[in-house]
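Take a look at the structure below. We'll walk through it together, piece by piece.

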Amino acid sequence: MSLRFKAISEADGSFSKEKKMDLGNGSEVVYLPRLLTSDESWKIFDYLNNEIPWTRPTIRVFGRSHLQPRDTCYVASTGLPELSYSGYQPDAYSWDDFPPLKDMLEAVRKVLPGSTFNSLLLNRYKGGNDYVGWHSDDEKLYGPNPEIASVSFGCEREFLMKKKPSKSSQERRSDDEPVSKRLKKSSNPDHHSFTLKHGSLLVMRGYTQRDWIHSVPKRAKAEATRINLTFRYVLPMGDGTKRFIARLCGGRHFGGNGENDIEGWVEMKCRSCIDGGVPAAAPPTEEPKLPTEETK
Ligand SMILES: O=C(O)CCC(=O)C(=O)O
């Protein structure tokens, strides 16, 4: 089965409803209420609900085992480091197993040009008792500032964001207040709430995972099923720091052996970046030299 999406474009005015929120310190959230039309979204909802091999794994939280309070499935490109969270390591399905997910990936990429995603975590909330607790997607395999594109289908649910407590005593005091009280403050810049609509897209980027946590809390009135897709980029080397170093120069520095392939830079640790980001130089035109002691 393949679903052809009429990806919402700037031309039809949908982008005017885009809500961009600067959370400060390099964190940003973008909300687009209509990535796909309602009909398209129901088609993909039905496909996902019926065809995805959903599982409800046992996870460990604070040293205790319990059933994850929602169904899940994981899809990723081949050769990536394995995802692991709360003591659970999902097997990755291939994109080829679910062609409509490739169409979805394409639809997301169309509205986020320049973004790259190579993995997808799917969640299914079968009613208001299913939820995801406060967390951030700050696993090392996503690197220091991952972009996460989250598409929602079916029952509308609330998505809450809360700034991570700061180490300063001033901010700790305000975080000791009960959550219910704090959420009532409409203008609290450290809390945000989005109602994630059928067919909507929410993007978290920059340092959002480092500085903020998010949740989809239980809601007694949310009786119907909701399915959520979160597209992510897993660093192929499995080491965010090394990849980040390579990204500083985009592979344009000279390594010790003169290679300028980005994977090579990660392996060889581009000396210029490690030593403080010497301005990028043009690639060598002559034959590369063999590595010296300094660059090994
Ligand atoms: O269902 C959602 O909207 C959020 C899912 C989520 O937070 C996650 O998969 O990490």
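First, some ground rules. This is a predicted model, so to speak of local features a pLDDT of at least 70 is needed, side-chain atom pairs count only at pLDDT 80 or more, and totals for chains, interfaces and linings use all residues. Residue numbers start from 1 along each chain, following its sequence as written.

Let's begin at the ligand. Its shell is made up of L121, N123, V132, D137, S150, F159, L196, H214, V216, N228 and T230; a residue counts as near a molecule if its C-beta atom, placed from the backbone, lies within 6 Å of it. Sort these shell residues by type and you get five nonpolar, five polar and one charged. Here Ala, Val, Leu, Ile, Met, Phe, Trp, Tyr, Cys and Pro count as nonpolar, Asp, Glu, Lys and Arg as charged, and the others, Gly among them, as polar. At least two shell residues come from each of β6 (119–125), β12 (212–216) and β13 (226–232). Strands are DSSP runs of E with at least two residues, helices are runs of H or I with at least four, and both are numbered from the N terminus.

Now follow β12 into an open, antiparallel sheet of four strands, ordered β7-β12-β9-β10. Strands pair if DSSP finds at least two bridges between them. β7 (132–135) and β10 (191–196) are the edge strands, each with a single partner, so one side of each has no neighbour in the sheet. From one strand to the next, the twist averages 15°, taking axes as lines fitted to C-alpha atoms and angles from 0 to 180 degrees between N-to-C directions. Between the antiparallel strands β7 and β12 there are two bridges, and V132 has V216 in β12 as its bridge partner.

Elsewhere, β3 (residues 58–61) and β4 (residues 64–67) run antiparallel, joined by four bridges. R60 sits opposite S65 in β4. Two residues separate these strands in a hairpin, and F62 in the turn has a positive phi of about 50°.

N25, not a glycine either, has a positive phi of about 50°, and it lies in the loop between β1 (19–24) and β2 (27–32). Is N25 buried or exposed? N25 is exposed, because 12 other C-beta atoms lie within 10 Å; the cut-offs are 20 or more for buried, 12 or fewer for exposed, and partly exposed in between, with C-beta atoms placed from the backbone. S86 shows a positive phi of about 45°, in the loop between β5 (71–76) and α2 (99–111). S86 has 14 C-beta neighbours inside 10 Å, so it counts as partly exposed.
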